[in-house]
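Biologist: I would like to learn how to read a structure one feature at a time. Could we go through it together, slowly?

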Amino acid sequence: MEKGQAQKYALLLGLLPWIAYVVISPFLNKPKPLLLGMPPLMFWNTLWLILTTLSLYGAYKLELGGGLLE
């Protein structure tokens, strides 16, 4: 993969958690329905805690494979 393309995809993977937390989460600030016993916002934050790790790991691997990191 080319450096420019790897950098573009890594940036997109890095932006996903920000979009999930900042843009989407205010719409989930409701008491119901409960998802796995949690209010929607708590469920969303718990879900994205895991997905952020995976997303940033993917961005790191893209940058490493694209030669952006030494």
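Predicted model: local features only at pLDDT ≥ 70, side-chain atom pairs only at ≥ 80, totals over all residues.

Biologist: Is Leu-36 buried or exposed?

Modeller: Leu-36 has a relative accessible area of 76%, and because anything over 50% counts as exposed, Leu-36 is an exposed residue.

Biologist: Which residues does the cis peptide bond join?

Modeller: The cis bond links Lys-32 to Pro-33, with an omega of about 5 degrees, and Pro-33 is also found in the loop between H1 and H2.

Biologist: How should I read two helices that pack together?

Modeller: The general idea is that two packed helices are described by the angle between their axes and the distance between the axes. Here the axes of H1, residues 3–24, and H2 come within 8 Å of one another and cross at roughly 165 degrees. Because angles over 145 degrees count as roughly antiparallel, H1 is roughly antiparallel to H2. The crossing of these two helices is left-handed.

Biologist: Which residues make the contact of H1 with H2?

Modeller: From H1 they include Ala-6, Tyr-9, Leu-13 and Ile-24, while H2 contributes, among them, Trp-44, Trp-48, Ser-55 and Glu-63. Sorted by kind, the residues of this contact divide into 15 nonpolar, 5 polar and 1 charged.

Biologist: Where is Ser-55 placed, and which residues does it touch?

Modeller: Ser-55 lies in helix H2, which covers residues 40–65. Leaving aside residues up to four places away in sequence, Ser-55 touches Leu-13, Gly-14, Leu-16 and Pro-17. Ser-55 has a relative accessibility of 8%, and since buried means under 20%, Ser-55 counts as buried.

Biologist: How do I read a pair of aromatic rings?

Modeller: In general, a pair of aromatic rings is described by the distance of the centres and the angle of the planes. The structure holds 1 aromatic pair, formed by Trp-44 and Trp-48, whose rings are 6.0 Å apart centre to centre, with 50 degrees between the planes, so that the pair is described as tilted.

Biologist: Why are Trp-44 and Trp-48 separated by about one helical turn?

Modeller: They are separated by about one helical turn because they are 4 residues apart in helix H2. Both Trp-44 and Trp-48 are buried.

Note on methods:
Residues numbered from 1 in each chain as written. Heavy atoms only, no water. Buried < 20%, exposed > 50% of the residue type's maximum accessible area, 1.4 Å probe, protein only. Contact = heavy atoms within 4.5 Å. Axes fitted to C-alpha atoms, helices over the stretch in contact; angles between N-to-C directions. Parallel < 35°, antiparallel > 145°, perpendicular 65-115°, else oblique. Left-handed = near helix turned anticlockwise from the far one by under 90°. Nonpolar A, V, L, I, M, F, W, Y, C, P; charged D, E, K, R; others polar. Phe/Tyr/Trp six-rings, centres within 6.5 Å; stacked < 30°, edge-to-face > 60°.
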